[in-house]
Amino acid sequence: MKLKQLFTDDDAVSPVIGVILMVAITVILAAVIATFVLGLGESVSSTAPQAQFQEDYSPTDTNETDDFGETATNASDTGILTVSHSGGDSISANNLYMVGSSEGNHTDERKAWSDAGVGDKVSAGTSIDYAVSDSDTVRVIWNNGEGNSAELSKWPGANN
């Protein structure tokens with residue numbers, strides 16, 4: 001056996017194959033790091049639902065109670081706003097809120113659709129009644145509970 005020749009033999013992996021392997025490892029490593037740094041996997045699940053809402057305002061002649069237990073008095077500037085989900089994605093009632101003055105308390109607090117007794121899901125055909133003044137601005141807000149929210153509908157008031 002030519003043991004001396006084995007130690008002096010310069011044959012090895014081709015330099016081209018070595019460069020290709022180093023580039024491939026670098027690209028894979030850069031992709032993994034970019035995914036963690038940019039958080040690409042998280043942004044897919046936090047997009048707002050695509051849904052349409054329709055508002056219908058009716059002035060009241062008598063004291064009427066909305067689905068949240070608030071009363072629209074029989075004053076000339078108050079009424080009931082019926083907000084209906086008219087199409088698009090179904091939304092969890094716990095993630096959907098009304099924001100605007102409810103006639104009974106005149107505040108801009110959020111009221112969850114789940115508190116109006118609509119069930120667990122809000123889908124096409126679901127509607128609620130909301131006590132308002134005709135000058136109120138009322139919004140339907142989606143919030144996923146993780147800091148992401150979107151305005152899905154806005155009613156500018158009957159006088160606007």
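**View 1. Two salt bridges in the model.** The structure holds two salt bridges. The model is a predicted one. Side chains of opposite charge can pair when their charged atoms come close. The next two views take the pairs in turn.

**View 2. Glu-70 and Lys-111 form a salt bridge.** The closest N and O atoms of this pair are 3.4 Å apart. Glu-70 lies in the loop between strand 2 (64–65) and strand 3 (71–72), and Lys-111 lies in strand 7, so the pair ties together parts that are 41 residues apart in sequence. Are these residues buried or exposed? Both Glu-70 and Lys-111 are buried.

**View 3. Arg-139 and Glu-151 form a salt bridge.** Their side chains meet at 2.8 Å, N to O. Arg-139 sits in strand 10 and Glu-151 in strand 11, so this pair ties together parts that are 12 residues apart in sequence. Arg-139 is partly exposed, with a relative accessible area of 27%. Glu-151 is also partly exposed, at 44%.

View 4. Strand 6 (residues 96–99) and strand 10 (residues 138–143) pair over four bridges. Here Val-99 stands opposite Arg-139 of strand 10.

**View 5. A nonpolar patch lies on the surface.** Val-19, Met-22, Val-23 and Val-27 form the patch. Together they have about 380 Å² of accessible area. Val-19 belongs to helix 2 (residues 15–38). Val-19 is partly exposed, with a relative accessible area of 46%.

How values were computed:
Residues are numbered from 1 along each chain as its sequence is written. This is a predicted model: local features need pLDDT of at least 70, side-chain atom pairs count only at pLDDT 80 or more; totals for chains, interfaces and linings use all residues. Side-chain values use heavy atoms; hydrogens and water are left out. Patches are made of residues with over 30% relative accessible area and no salt bridge: like charges are joined within 9 Å, nonpolar side chains (Val, Leu, Ile, Met, Phe, Trp, Tyr) within 5 Å. Accessible areas come from the Shrake-Rupley method with a 1.4 Å probe; for residues, only the protein chains shown count as cover. A salt bridge is a side-chain nitrogen of Lys or Arg within 4 Å of a carboxyl oxygen of Asp or Glu. Helices (H or I, at least four residues) and strands (E, at least two) are DSSP runs, numbered from the N terminus. Buried means under 20% relative accessible area, exposed over 50%, partly exposed in between (1.4 Å probe, protein chains only). Two strands pair if DSSP finds at least two bridges between them.
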